[in-house]
Amino acid sequence: MKYVTEYRDANLVKGVIDEIRRTVTRPWTIMEICGGQTHAIVRHGIDQLLPPEIELVHGPGCPVCVTPLELIDKALEIASQPKVIFCSYGDMLRVPGSGRDLFMVKAAGGDVRVVYSPLDAVKLARQNPDKQVVFFAIGFETTAPPNVMSVLQAKNLGLTNYSILVSHVCVPPAVGAILASPANRVQGFLLAGHVCAVMGYHEYPPLAEKFKTPMVVTGFEPLDIVQGLLKTVQLLESGKVEVANAYTRAVTFEGNVPAQKAIKQVFEMIDRKWRGIGTIPQSGWGLRAEYDSFNAEKRFDVHAIQTEESPLCIAGSILQGLKKPHDCSAFGTKCKPEHPLGATMVSSEGACAAYYKYGRVTIGE
Ligand code: SF4
């Protein structure tokens, strides 16, 4: 398959890793921000092929993982109500709230539906004027354009029975929060290629300069990842602070400008709570006041729900690159993908789930 198989060529990957080995002279800690990259790194064993000087730590870029527990509880509350059709991408159905998940709500009679696009939810709203249709709008910059398009389309159609439950988070504020932490260990970043395909990478040079940390836009196939790592190591070794693009087949500096305009028309920056990390100021998007009628949190009375995370869970430290999954006493014992206790075990993109799936650590070690 063009643009996929050639980026999985083992000989090409080995050649780039050899170049990393020839380039590195001292230890470096590099964070891949995106859970998709974490998954690819662990799946292909890239971290085990690298020279020992390079330590990879895993960032918070897993949208399912960082969606706050109380928002999942709000989704469960809304989905349980009569005359509601609750729509979501499939991966959110098994994410546990405080006591149950959307599958359990569906089993108890709730009208919970998996859709492949929020525009499918708008279609359902047109077909069911006597029902309230709610779409669970979570994710990073990548899922924002279709979500805002659904609101704009519902508005154009004059629909009064469509709303979205929003928990959008943005990558640059998370990068800033990680680098500003006194405990930070990260010296270089692999930026998420798909996020930059939408947003470009013009937001990152001020961050790189402020924290004197090089960053490289990186894709998701093994060759993409090692090329991103090689560029990062080259920048670190030469002492250059810049933002480079190692994913030029998909990303430009400006990004998708029409998509960015649509996002700004419907969303505004707000403080957002990240599961496992806490509130990061101005780190996500919420609906602008003029789109209040499409805001599910305002349409349904669910504001009071508050929740507590498991005290055993160290996902917050993992998502900031301070610890690894096997540092957690619950990993693989009290916490497994079937019964996750925390953020990074709930999604296949989470670091704990990736380590568990690929048997990276013997349970009980
Ligand atoms: S293994 Fe489970 S409890 Fe431990 S950090 Fe990961 S998600 Fe949290």
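Visitor: Before we look at helices, what makes a crossing left-handed or right-handed?
Guide: A crossing counts as left-handed if the near helix is turned anticlockwise from the far one by less than a right angle, and as right-handed if the turn is clockwise; please keep in mind that the structure above is a predicted model.

Visitor: Okay, so which hand is the crossing of α7 and α8?
Guide: The crossing of α7 and α8 is right-handed, and the axes of these two helices, residues 118-127 for α7 and residues 144-157 for α8, come within 8 Å and cross at roughly 25 degrees. Because angles under 35 degrees count as roughly parallel, α7 is described as roughly parallel to α8.

Visitor: And how do α8 and α13 cross?
Guide: Helix α13 covers residues 257-266, and its axis and that of α8 come within 9 Å, crossing at roughly 55 degrees, which makes α8 oblique to α13. The crossing of α8 and α13 is left-handed.

Visitor: At what angle do α1 and α12 pack?
Guide: Helix α1 (residues 10-23) and helix α12 (residues 222-238) pack at an angle of about 15 degrees, their axes being 9 Å apart, so α1 is roughly parallel to α12. In this pair, α1 passes α12 in a left-handed crossing.

Visitor: Switching to the ligand, what space does it take?
Guide: The ligand takes up the space of the largest cavity, and the residues around the ligand include C313, I314, F331, L341 and M345.

Visitor: Which helices supply at least two residues of that shell?
Guide: Both α15, which spans 315-319, and α16, which spans 343-346, each supply at least two residues of the shell around the ligand.

Visitor: How many of the shell residues are nonpolar, polar or charged?
Guide: Ten residues of the shell around the ligand are nonpolar and two are polar, while none is charged.

Key: Residues are numbered from 1 along each chain as its sequence is written. This is a predicted model: local features need pLDDT of at least 70, side-chain atom pairs count only at pLDDT 80 or more; totals for chains, interfaces and linings use all residues. Side-chain values use heavy atoms; hydrogens and water are left out. A residue is near a molecule or strand if one of its heavy atoms lies within 4 Å of it. On a 1 Å grid over the protein atoms alone, a cavity is a set of points where a 1.4 Å probe fits but cannot get out, and a pocket is an open set with protein on both sides within 12 Å along at least five of seven lines; lining residues have an atom within 4 Å of a point. A molecule sits in a cavity or pocket if more than half of its atoms lie within 2 Å of its grid points. Helices (H or I, at least four residues) and strands (E, at least two) are DSSP runs, numbered from the N terminus. Ala, Val, Leu, Ile, Met, Phe, Trp, Tyr, Cys and Pro count as nonpolar, Asp, Glu, Lys and Arg as charged, and the others, Gly among them, as polar. Axes are lines fitted to C-alpha atoms, for helices over the stretch in contact, and angles run from 0 to 180 degrees between N-to-C directions. Angles under 35 degrees count as roughly parallel, over 145 as roughly antiparallel, 65 to 115 as roughly perpendicular and the rest as oblique.
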